[in-house]
Structure formats: C-alpha cells, structure tokens
Amino acid sequence: MQKSIERISGDSEGVFYEFPAFRFTGADKAAPSGYLQSALHAGELPGVVAIDALTPALNKAEAEGRIKGNITVVPWANPIGRAQYHFGEHQGRFHLGTRTNFNRAFPLLAAPDTALLPDTTFGTADQQLKTRLLQLSIGHDIVLDLHCDDEGLAYLYVHTSLWPAMADCAAAMAIDAVVLWSEDSDGTFEGATIMPYQNVPAGVAKFERRVVTTVEYRGMLDVDGRLAASDAEGLYWLLVARGVIADPALPAPGPFTGFVAPLENIDMMPAPRAGAVLYDVKPGDRVAKGARLATIVHTPGEVGGRTEVFAPQDGVILTRRARRIIRAGEDLLKLVGDKKSADARSGTLED
C-alpha cells in the first residue's frame, strides 16, 4: 500500500488542507479498478469507519498477491468541511466560504479525460478539492462515494443506465433499497463521475462493467464497530464479485432482495409548521395513503397547537430527520411512494 498526501490551498495565505490517499497496485492491468471515498459531507462518518474496517482485508489481499486491479481509497475526502465549526457545531455539508454544498458543483466533463478538468490554481479551496477528487477517481471502473442520511435505511443512488447490472453490488453490500436517477444538472460527485462516459462507446469505456453509486449508510449516529465490520464485508464482497480482488472462498452474491424505485417517486414531506416533531413512523415502515406520519407540536398547551402530517400515497419510509426541532418548509422525511410523487420536488440526488 502506498500513501500520498493530497494538499489543497486555503482561501488565505498560510492556510492549507491535507488528506491522505491510499493506493493498492493490481497485478493484472486488464482487471477492473476501484475507487472508494467517504466523508465528502465531512460529518457523515459511517463510511469512514467502514473503510477503516476494510483496510486490514485489503492489506491481507495485497500481501497474498490477490489484488488484481488497482484500488484507490480516500477515507477522509473533505478536510475543508472536517475543519469547519460554528459556535461548537460541526458544519461539514456546505463550504462556509462559498455556501456551496460539498456534493454539488463538480466539473461535468464531456469525456473521461483528466486533461479536461478545469485549472483551479486560483480557484476557491472547495473548487480545488472537487477537481482533485475527480482527478483521483477518473479512470476507475468502480467508484463508490460513501455517505449517510439523518436516520435511514442503507440505500444506493444508481444511474438508470447501470441498473439492473449493479444488482449484484447491492446484494453484496446488503443494501435495503435502490433509488434510480437519470439526470444531474447540479454536478454531484456521482453525476460528474457518470457523465464523462455517457457518450463514449461501451467497448472503449468498458461501460458494461462500471459501478458508480452514492452509498447512503443509514444515519448519522450509525457509527459503531459492528456496523462498520458488516459494511466493510459488503465492500470487500463487491470488490471480489467484480474482479478487483481474487478470493475463491467467497461465493457470488445472491439475488438483490431490497426494493427499487425511481427518484421521481420520492415525496420529501415538508413540515407545514415549525415546532417539535413527534414521529409515528420509522425508516423501513410500510405506510398506506392517509396514514399519519408525524405530528408537529407548534403551540404547546394550546387548543389547536398540533398539526398532523399524512402520507400522500402508499410507500415505504426511507429516511427521517434526526433532529426533532423543525422549521416550516423543512423536510420531515423521505417517503418512497409506489407511484410518481405529485410534488416532484426531489430533483437529482437531493441529498
């Protein structure tokens, strides 16, 4: 394993940010390659501890000569967000200087060629970071961006062109749900990784074996050794199943047993009033149209001080807020409906 330190210039003199990248060299140039990163939203840590738990298996495979394709691992992908605190509260989702989501505004390239990346020498720190992460990931057949939600199931965002070909990956990772998307105008990392291959002939780009996904490892507080070990096993199984690592003792993944839905089926369920949230449902619950999802206590102790929120259609609860204080208009939860949402607000990778 080779370790490099990637350095990003800050937005003022004397300020720099650093993050490590680990590389495992494969023995077979024709084998698929893999890229894994976590904590692009710097406070989302389940992927960080999963990579930590995965590393011993990668080291063992390397020592035994079983790594066939090149592997690049970036366990702390966002040193800028990792350093951001405001009055003691960590702020790892948006760059405080530009107010841009760290998982937005990635360069969207016309082809998988690092020469097309913009020159960010004089760009802001977050622009430099995004260009560098793309530079590290371009050319890999498997690209995994590890995130988490507030409270939720384990689920994947997958481009429609890669499904159902990626069903074996979802099965290997023991994923509960897959959300399919087709357009990305916001420049998410996943979208920026997919877009360069959209107009390239499959035989040239090896598109048929590509794996690109945003992995949502449950919730912000799901950071413990047991889950990390389980997630690491899933990542290892995926790498074996797709030929990056050789491990004859590991069987092929079985069928994917979770549910699949298009992004357009997601109802985000905004809060009609500000107040305290009393949830009636949790992630994984199946609900019928008209079922009560939550109650907002907005004027406690007063007649009419509660407002109830009901399911607009049949579906499954994918996620909910971890905080129990809500502002009017903030989203309470993600309901994956059986039909297209009438709200149509979800957008591409709204997370």
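This is a predicted model: local features need pLDDT of at least 70, side-chain atom pairs count only at pLDDT 80 or more; totals for chains, interfaces and linings use all residues.

Student: What is the phi of F87, about how many degrees?
Tutor: F87 is in the loop between β5 (85-86) and β6 (89-90). F87 is exposed, because its relative accessible area of 76% is over the 50% cut-off. F87 is not a glycine, yet its phi is positive, at about 50 degrees.

Student: And A174, is it buried or exposed?
Tutor: Look in the loop between α4 and β10 (177-181) for A174. A174 isn't a glycine, but its phi is positive too, at about 55 degrees. Its relative accessible area is 56%, and over 50% counts as exposed. So A174 is exposed.

Student: Let's move to helices. At about what angle do α1 and α7 pack?
Tutor: Helix α1 is residues 46-63 and helix α7 is residues 225-241. Their axes are 8 Å apart. The packing angle is about 55 degrees.

Student: How many nonpolar residues does the contact of α1 with α7 have?
Tutor: On the α1 side you'll find V49, A50, A53, L54, A57 and L58, and they meet A228, A229, D231, A232, L235, Y236 and L239 in α7. By class, that contact has no polar residues and 1 charged one, and its nonpolar count is 12.

Student: Now strands. How many residues of β7 are buried?
Tutor: Side chains in a regular strand alternate between the two faces of the sheet. In β7, one side has I142, L144, L146 and C148, the other has V143, D145, H147 and D149, and all of these are buried. β7 is therefore largely enclosed by the rest of the structure, with a buried count of 8 of 8.

Student: Which residue stands opposite L144 in β7?
Tutor: Strand β3 (residues 34-38) pairs with β7 in the parallel sense over 5 bridges. Within that pairing, the residue opposite L144 is L36.

Student: In β11, which residue is the bridge partner of L146?
Tutor: β7 also pairs with strand β11 (residues 211-219), in the parallel sense and over 7 bridges. β11 is mostly covered, with 9 of its 9 residues buried. D145 has T214 as its bridge partner there, while the partner of L146 is V215.

Student: And which residue stands opposite V215 in β11?
Tutor: For that, turn to β9, which pairs with β11 in the antiparallel sense over 4 bridges. Opposite V215 stands L156.

Student: In the open sheet of 4 strands, which ones stand at the edges?
Tutor: The order there is β17-β16-β14-β19, with antiparallel pairing. Each edge strand has a single partner strand, so one side of each is left without a neighbour in the sheet. The edges are β17 (306-310) and β19 (325-326).

Student: Which residue stands opposite E308 in β17?
Tutor: β17 pairs with strand β16 (residues 292-297) in the antiparallel sense, over 5 bridges. The residue opposite E308 is T295.

Student: Last one: how many Å apart in space are T100 and D343?
Tutor: T100 is in the loop between β6 and α3 (125-137), and at 24% relative accessibility it counts as partly exposed. Leaving out residues up to four places away in sequence, T100 touches R93, F94, H95, A105, D126 and K130. T100 and D343 are 243 residues apart in sequence, and their C-alpha to C-alpha distance is 25 Å.

Methods
Residues are numbered from 1 along each chain as its sequence is written. Side-chain values use heavy atoms; hydrogens and water are left out. Axes are lines fitted to C-alpha atoms, for helices over the stretch in contact, and angles run from 0 to 180 degrees between N-to-C directions. Helices (H or I, at least four residues) and strands (E, at least two) are DSSP runs, numbered from the N terminus. Contact means heavy atoms within 4.5 Å. Ala, Val, Leu, Ile, Met, Phe, Trp, Tyr, Cys and Pro count as nonpolar, Asp, Glu, Lys and Arg as charged, and the others, Gly among them, as polar. Buried means under 20% relative accessible area, exposed over 50%, partly exposed in between (1.4 Å probe, protein chains only). Two strands pair if DSSP finds at least two bridges between them.
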